[in-house]
Amino acid sequence: PAIAAELGLPATADEWLAARGAELDGRLKRFARRLRRGELEGVELRDGRLHVSPVKAATPPEADALADRIDAILPHARITEVMHEVSRATGFASAFTNLRTGERCDNENALLATILADASNLGLTRMAAASQGVTRDQLIWIADAYIRPETYKAALARITNAHHALLIAAMWGDGTTSSSDGQFFRSAKRGDAAGEINARYGHDPGFSFYTHLSDQHGPYNIKVMSATNHEAPYVLDGLLRHGTQLKIDTHYTDTGGASDHVFILCAMLGFRFCPRLRDLPDRKLACIEPASAYKDLQPILGRRVKADVVQEHWAEVVRLIASLKAGTVAPSTVLKKLAAYRRQNQLDLALQELGRIERTLFMLDWLESPELRRRCHAGLNKSEQRHFLAQVICTFKQGRIADRGAEAQQFRASGLNL
């Protein structure tokens, strides 16, 4: 109850439906009126189907010229020098503590070489052969004693927090918005644990590294997932459990990260969810009032929301939200569990109905605001830039991940992210 009160969730479904219903009714009528008058920039209804004009690039030529000038004067630096400099500035190396004693590693060269072995996909043996002053046995010992998921997370949080505190970081954003996207990495082996095949990426098996990136270009969370899994269940994992000082309130994804369940969970947990929906013109708007109240929107209007299902299972919905907020269970675990039922679970159905309301409100925002469409594209472009950098770093074996175990694969992803 305390967590539900903290999130501002009403005690009954009727309160939620009344407030959202009034907002949705007003928004639908305003949208119909503006659509009829042709007042929506880049949006029109033709032959019973919405047509939305693509977002045009808004970068002035002067900005591109300035970027080229800055690139030309940046000094070349070895990645090992950069890692040492960042370690001195942020102290991230001290986050890697001994599993048994809790003491920090006293051989920073070997520690950074071990991290770089993960990041570059080189592996400990080849990294030792390519490095001076460290041996393979040292790297193996450090990997066993100091490299763990929690130490990688703590080290990344120190870098992210230090970066967020820099005045220049505000040039790119204030740290309140972020985006997430998956990046496919091919596997070097075949077999049950060597990844799965996604036809979108060809015939080779592999994995997807799902990364959350702040508007300041800081990748604050990463998760290894199956190449065939839907990305939506992992969106909230990063938003709720990143362990940094970032105060994210708005999050962008592409179509793969969107579902009605994510819409409602984000709304109830205090996040504004803004996905770029590739198939937006084909998605139907939801309504709580009878569809006859919106005659101009009939071609794009779906069925009414099942208010009775929401009312019956409201207590379960609030309990689920409180559990997610408290960290009792991971959002991806819950969403995958609900999706696994052979027959649709009633809680799953209630979330879906609530999510249809939130998705409709977002779609109306998207259709009415060209600025929102531009901001979403800009946020996702930052994720694409980060993917390009990751490909440059993870180069050995053409970026193919040879590790079979889930933990080793997560180490690769965490090292690359750091």
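Residues are numbered from 1 along each chain as its sequence is written, and side-chain values use heavy atoms, with hydrogens and water left out. Because the model is predicted, local features need pLDDT of at least 70 and side-chain atom pairs count only at pLDDT 80 or more, while totals for chains, interfaces and linings use all residues.

**View 1. Glu 23 and Arg 20 join up in a salt bridge.** A salt bridge here is a side-chain nitrogen of Lys or Arg within 4 Å of a carboxyl oxygen of Asp or Glu. For this pair, N to O is 3.8 Å. Both sit in helix α2 (residues 13–37), 3 residues apart, so about one helical turn separates them. Helices are DSSP runs (H or I, at least four residues), numbered from the N terminus. Glu 23 has a relative accessible area of 35%, making it partly exposed; that label covers what lies between buried (under 20%) and exposed (over 50%), using a 1.4 Å probe and protein chains only.

**View 2. Lys 29 pairs with Asp 25.** Their closest N and O atoms are 3.4 Å apart. Here the spacing in helix α2 is 4 residues, again about one helical turn. Lys 29 is partly exposed at 39%, whereas Asp 25 is buried at 18%.

**View 3. Arg 46 meets Glu 44.** This salt bridge spans 2.3 Å, N to O. Arg 46 is partly exposed at 37%, and so is Glu 44, at 38%.

**View 4. Salt bridges link up into a network.** Its members are Arg 27, Arg 30, Arg 272, Asp 365 and Glu 368. Across the whole structure, the search finds 19 salt bridges.

Notes
Helices (H or I, at least four residues) and strands (E, at least two) are DSSP runs, numbered from the N terminus.
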